[in-house]
Amino acid sequence: MKPGDSATIVSIHTDEALHQRLLAMGFRTGKKIELIRKAWFSGPLQVRIGTTEILLRKAEAEKIRVQK
Amino acid sequence: MKKIALLGMPNTGKSTLFNRITGSSSRVGNWPGITVELLSGKILLGSEMVEIVDLPGIYDMHGFSEDEQVVRHFLHDNVPDLALVVLNATQIERQLSLLLQLRQFNLNMVVLLNMADEARKLGISIDTAKMSAALDMPIFLLSAKYGTGYTEALQSITQALRKPSTATENVRQLLEQDENIEREMSRVLHDTVQIPARLPDNLTTRLDRIMLHPWLGLPIFFGIMYLLFQAIFLFGQPLQGGVNELLGWLRETAVAPMLSSLPHAIQGFLLDGIYNGIATVAAFVPLIVLFFLFMAIVEDTGYLSRAAFLMDALMARMGLDGRSFVMLLMGFGCNVPALMGTRVMRSRSLRLLSMLVIPFSLCSARLQVFVFITAALFTPKAAPLVLFSLYLFSFAAAILTALLFKRNYPNTEPFVLELPPYRFPTLRQMVMRGWLEVFQFLHRASKFIIAGVALVWLLTNLSPSATPASPDTIAGMLGSWLHPIFSPLGITPELTLALIFGFVAKEIVIGSLAVIYGLSGQALSGTLALHLDWVQAYSFMLFTLIYTPCLSTIATLRNESNSNKFMWLSLIWSLALAWLLSFAFYQAARALGY
């Protein structure tokens, strides 16, 4: 995904603890997710789900499968 | 297999409790009637296996938020054999409503009043026996955090599960009323309200486009920080001068005449010891008020999370994350709450590394030492720059420490953080925050300051025959004994003494200098400018910046890490680094001919 792109979450492949936290923040299968921007120096990503904006690192983002 | 549903409001410690009960056996799974996945675990109760499902936290059984609908749909299609209801004991009067709503379902129920430890601290007492009788269901106090109260609760759950559940039809009937409302709601909304798929550009989005810009973001961040310190200096210094004059005038016209009938030694102790010390520190109150006011603004606007976003890439390379950086920034107010703030990190090694780094944050107590000395020895034009350079050194020491120690504290914790929208804090909010912080600072500092300056006066005035603060006093001897260690740094015996007192708290460094020289305010600045050149002063400030912040910080480090070894590591490392840096700076500056 590039900044500005939207996609739908297909599946989330993380351990239980992180999955719980992602659920609490609104990451659910079937939800729309928008990549707003990436930080410099391959830093974290800023994404939007519904009206909530969330920061997460690349390593975590890679565990979330999406489909455009 | 029998099923237990775990229900409760958000933030009741429900998930902690769930983890405690199920241990590591939990898994994520799908359930009939709902599209989201829920966490569940199997445990052995009595002689049979039962399944516990952790439902989302809700405020109202009949509400229409997403979570509330999930809970209702789950209960409708998967009527549990027992509802385990978790309430926060400290908010029992508010949370009881949910329990009473649930009671209408006639399910088997067991109630757990969590956070019993906090409730006890707040003086809330709950008679569980009476409440059990009133509601006709078993109720237990427990603490998921400390793991107390479980055995009885689990026994009662086992017993309650033996009762056959006859509620199924009743539950479904009751829930269908709400489901009819849901359908009605969605029908009306569908026909009449349109919500755009893409939210319009609001102010937050537009601001973020600039503030979080890939190239501009960081310079803007440092610019904001620099302006902040400039502003503190600009507004704070005249105020500080005013308070100083006021207190000096008060001494001459009121305090000194009032004490004139007392014996000479006691008069000296009260005036040159206690009064001078307190007056010098009191002059910093306006500065600290301003500092906290500005920090409160930065924090309440939501900019701190943006700073975490900007800095995470860099922090990740140091084995830390964006949150460590936010704590580091909080440390600029006071290290103690910043150290306590690392509790949000779940990984112990990330936490320890953050705690090792935070004491290098230039806290407000150190700031007052630097403001005083820079004002005394540097021109008004150079002073803010000198101060800014000390902030850079503060970051550099933190970065160096993190890089050196990151291999010892490998971090695997994920970094996921919610980004709040920008908010402009109300004036009341800012003033309240500023006032609260100042009050806490004064509260913490006043004990240290009074005891500290009294001790300094005694050390500098004993034995009675010696001239105050001369080499013959206890203080003078201590200073000259340590002199060989500090002379390569350009630090004089008087300053060495101030450093020793600074070990207790930086708040008393200037106070103790006032006592050592027997002068306060402007007069003290003048004397310092006579006795020291700028290289010596800067070396002294570097050492003050980097060695142990204060006794409270050390105590907090010990408590939060729960390890004496870690406390000693932090203490010795910061002393060694302080000495090495001051040494390098002083010798280099002298070698360059300054």
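Is B:Ser40 buried or exposed? In this predicted model, B:Ser40 is buried, with a relative accessible area of 1%. The residue belongs to strand β3 of chain B, which spans residues 38–45. The side chain of B:Ser40 makes a polar contact of 3.2 Å with the side chain of B:Glu51.

Two further residues of chain B illustrate burial within helices. B:Leu545 is part of helix α23 of chain B, residues 534–546. Because its relative accessibility is 0%, under the 20% limit, B:Leu545 counts as buried. Apart from residues up to four places away in sequence, B:Leu545 touches B:Phe360, B:Leu362, B:Arg366, B:Phe370, B:Leu390, B:Phe393 and B:Ser394. One of these, B:Leu390, is 155 residues away from B:Leu545 along the chain, yet the two C-alpha atoms are separated by 7.8 Å.

B:Thr527 lies in helix α22 of chain B, which covers residues 521–531. With a relative accessibility of 15%, B:Thr527 also counts as buried, because the limit is 20%. When neighbours within four places in sequence are left aside, the contacts of B:Thr527 are with B:Tyr517 and B:Leu519. A polar atom of the B:Thr527 side chain lies 2.9 Å from the backbone oxygen of B:Ala523. The C-alpha atom of B:Thr527 is separated by 8.9 Å from that of B:Ala376, a residue 151 positions apart along the chain.

The interface between the two chains was examined next. The size of an interface is often given as the accessible area lost when the parts come together. For chain B and chain A, this buried area is about 3,100 Å², with 56% of it on carbon and sulfur atoms. The contact involves 38 residues of chain B and 31 residues of chain A. Nine residue pairs are in polar contact between chain B and chain A, counting pairs with both residues at pLDDT 80 or more. On the side of chain B that touches chain A, the elements giving two or more residues are β2 (27–29), α2 (66–77), α8 (203–211), α12 (303–317) and β8 (416–419) of chain B. Helix α12(B) provides the largest share of this side, eight residues. By residue class, the side of chain B that touches chain A divides into 18 nonpolar, six polar and 14 charged residues.

One salt bridge is found across the interface of chain B and chain A. It is formed by A:Arg57 and B:Asp312, whose closest N and O atoms are 2.7 Å apart.

Strand pairing also links the two chains. Strand β4 of chain A, residues 52–56, pairs with β8(B) in the antiparallel sense over four bridges. Within this pairing, A:Leu56 stands opposite B:Val416 in β8(B).

Inside chain A, strand β1 (residues 6–12) has two antiparallel partners, β2(A) and β5(A). Three bridges join β1(A) to strand β2 of chain A, residues 32–38, and A:Ala7 stands opposite A:Ile33 in β2(A). Four bridges join β1(A) to strand β5 of chain A, residues 64–67.

Terms used:
Residues are numbered from 1 along each chain as its sequence is written. Chains are lettered from A and ligands numbered from 1 in the order in which they are written. This is a predicted model: local features need pLDDT of at least 70, side-chain atom pairs count only at pLDDT 80 or more; totals for chains, interfaces and linings use all residues. Side-chain values use heavy atoms; hydrogens and water are left out. Contact means heavy atoms within 4.5 Å. Buried area is the accessible area (1.4 Å probe) that two parts lose on being put together, summed over both. A salt bridge is a side-chain nitrogen of Lys or Arg within 4 Å of a carboxyl oxygen of Asp or Glu. A polar contact is a pair of N or O atoms within 3.5 Å; within protein, one must be able to donate a hydrogen and the other to accept it, and residues adjacent in sequence count only if both atoms are side-chain atoms. Ala, Val, Leu, Ile, Met, Phe, Trp, Tyr, Cys and Pro count as nonpolar, Asp, Glu, Lys and Arg as charged, and the others, Gly among them, as polar. Two strands pair if DSSP finds at least two bridges between them. Buried means under 20% relative accessible area, exposed over 50%, partly exposed in between (1.4 Å probe, protein chains only).
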